[in-house]
Amino acid sequence: MTEWTDPDTFAQALERAETKEKGNCFEDFAEGDLVEHDPGLSLTEWGNEQWMSQTLNHDPAYWRSDAAAERGFEEPPIHPDYLTAATLGITVEDLSEKGGYFLGRTDVRFPGTPIYAGTELHVESEVVNCATSSSRPEYGIVSWRTRGKDAETGDVLCSYERTNMIPRRDPVATDGSGAAAAEGDEDEPELPDEFIAPEGGYYEDFVEALERADEENTAVAYRHERGRTQDDVTVASLPLATLNTAKQHHNVDVMADSPSGDIVTYGDVTRSTALGHARSDEETWREVGFDDESFHTFVAVGDTVYAFTRVLEVEDDAASDAAGTVRFQHIAFNQDDEPVYSGTRTAEIQKRSK
Ligand SMILES: C/C(=C\C(=O)SCCNC(=O)CCNC(=O)[C@H](O)C(C)(C)COP(=O)(O)OP(=O)(O)OC[C@H]1O[C@@H](n2cnc3c(N)ncnc32)[C@H](O)[C@@H]1OP(=O)(O)O)C(=O)O
């Protein structure tokens, strides 16, 4: 009788067996398609706290009832970073499990927040753009508008537009114009002469710093001291806890043959860690939204995520009198000072005079 577990026999069996594939290729997406994602997730206190603690997000309003009450929350709510990561994680099986790279995201908004532990997520995505990559024949570039809804009420809790490179089933010829344009675009860097940092983390400190910087060639731009070295928890456990099935985060065997040569950190972990560093130097009141997010290069186990912040503008138009609105650019960078993530963030920052 054939012993199927004999190594030689099994090797032959594997070679002849069809693989039941997961995920979709570029050709499977068409503009206007609506995908209802089957996985769902109950946003738990444990998941929220695990995400926040591992990414160094320690805003007391998300940890302590008295601080939550001061902010007008019924109890410590679900953090917007965890909500964003969970909304995206659920979509991976249908949108990007085939592989490819999470390139960027914009228009991240939270119309239905605050929300609390126990809320169940139902997520849907609409294909908004399918484009040829002019630099990489084996990929196309797909963008989706994704909405994370309260499964019970249908209220939209988190919405954004995200772009990934997605493998093509059939590679196409490209004209290489993307790479050529990039080569020609290399301008000399023109940084301001002087960088200043706000004295403190209240709204007034950002206003005062921007006023000081109003002279020519000065920017309000500073780095944050904390760094977070990536380990098995941040690289594999956090994405799996959001049902993110991208092999990039948990299949060392497959990733050994990829450009990174190893599993890589979920973009939302990199981003949330950098934001955690930035928030530790400010008095955050409420997150409003995020735009123009890009992931520039991979982060892997052993890499350390640091953060740099530039203050772009302030506006005294927050929903609460206790805060003012600040728009930031945050750049996450690694131990070799390479940018790994950048994006703009609009947040309400507490006033000292509250
Ligand atoms: C979730 C999830 C997966 C993950 O979380 S993976 C971890 C997060 N993502 C990454 O680590 C990717 C980091 N990025 C890179 O390593 C490089 O950017 C990459 C993807 C290797 C591309 O390198 P290139 O040097 O080839 O980069 P280009 O700037 O030339 O971009 C290639 C084409 O993509 C277009 N593109 C780039 N960024 C965006 C963007 N934000 N929005 C739209 N399109 C973008 C760019 O224009 C180039 O287009 P061409 O037509 O010229 O090819 C999960 O599975 O979902």
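Biologist: Which residues have the most contacts inside the largest nonpolar core, and how many residues does that core have?

Modeller: Bear in mind that this is a predicted model. For a core, look for buried nonpolar residues joined through side-chain atoms within 4.5 Å. Here the largest such core has 34 residues, and Leu43, Trp51, Leu83 and Leu121 have the most contacts inside it. The elements that each supply at least two of its residues are the helices α4 (80-89) and α11 (267-279), plus the strands β3 (102-109), β4 (120-132), β6 (156-167), β9 (284-295), β10 (304-315) and β12 (339-350).

Biologist: Which element gives the largest share of this core?

Modeller: That's α4, with five residues. There's also a second, separate core, made of twelve residues, with Ile196, Val326, Phe328 and Ala347 among them.

Biologist: Let's zoom in on Leu121. What is Leu121 in contact with, once its neighbours within four places in sequence are left aside?

Modeller: Quite a list: Gly40, Leu41, Leu43, Leu83, Ala86, Thr87, Ile90, Gly148, Lys149, Ala151 and Leu157.

Biologist: And His122, is it buried, partly exposed or exposed?

Modeller: Buried means under 20% relative accessible area and exposed means over 50%. His122 has 32%, so it counts as partly exposed. It lies in strand β4. Beyond its sequence neighbours within four places, His122 is in contact with Glu36, Arg147, Gly148, Lys149 and Ala151. With Glu36 there is a side-chain to side-chain polar contact of 2.8 Å.

Biologist: Back to helices. Which residues of α2 are buried?

Modeller: In α2 (residues 45-54), they are Gly47, Asn48, Gln50, Trp51, Met52 and Gln54. To read a helix like this, ask what its buried residues pack against: for α2, the partners are α4, β8 (218-229), α8 (232-241) and α11. Check the residue after the helix too: α2 is followed by Leu56, which has a positive phi, near 60°.

Biologist: Now the ligand. How many residues surround the ligand, and which are the closest?

Modeller: There are 28 around it, and the closest are Ser96, Ser133, Ser134, Ser135 and Arg162. Sorting the shell by class gives ten nonpolar, 16 polar and two charged residues.

Biologist: How much of the ligand's area does the protein bury?

Modeller: Compare the ligand alone with the ligand in place. Alone, the ligand exposes 1,100 Å², and the protein buries 74% of that. Two or more shell residues come from each of β3, β6 and β9, with β6 giving the largest share, four residues.

Biologist: Where does Ser96 lie, and is Ser96 buried or exposed?

Modeller: Ser96 is in the loop between α5 (92-95) and β3. Its relative accessible area is 6%, so Ser96 is buried. Not counting residues up to four places away in sequence, Ser96 touches Thr91, Arg162, Asn164 and Ile166. Its side chain also makes a polar contact of 2.9 Å with the side chain of Arg162, itself among the closest residues to the ligand.

Technical notes:
Residues numbered from 1 in each chain as written. Predicted model: local features only at pLDDT ≥ 70, side-chain atom pairs only at ≥ 80, totals over all residues. Heavy atoms only, no water. Buried < 20%, exposed > 50% of the residue type's maximum accessible area, 1.4 Å probe, protein only. Contact = heavy atoms within 4.5 Å. Near = heavy atom within 4 Å. Areas by Shrake-Rupley, 256 points an atom, 1.4 Å probe, with all protein chains shown as cover. Nonpolar A, V, L, I, M, F, W, Y, C, P; charged D, E, K, R; others polar. Polar contact = N/O pair within 3.5 Å; in protein donor to acceptor, adjacent residues only side chain to side chain.
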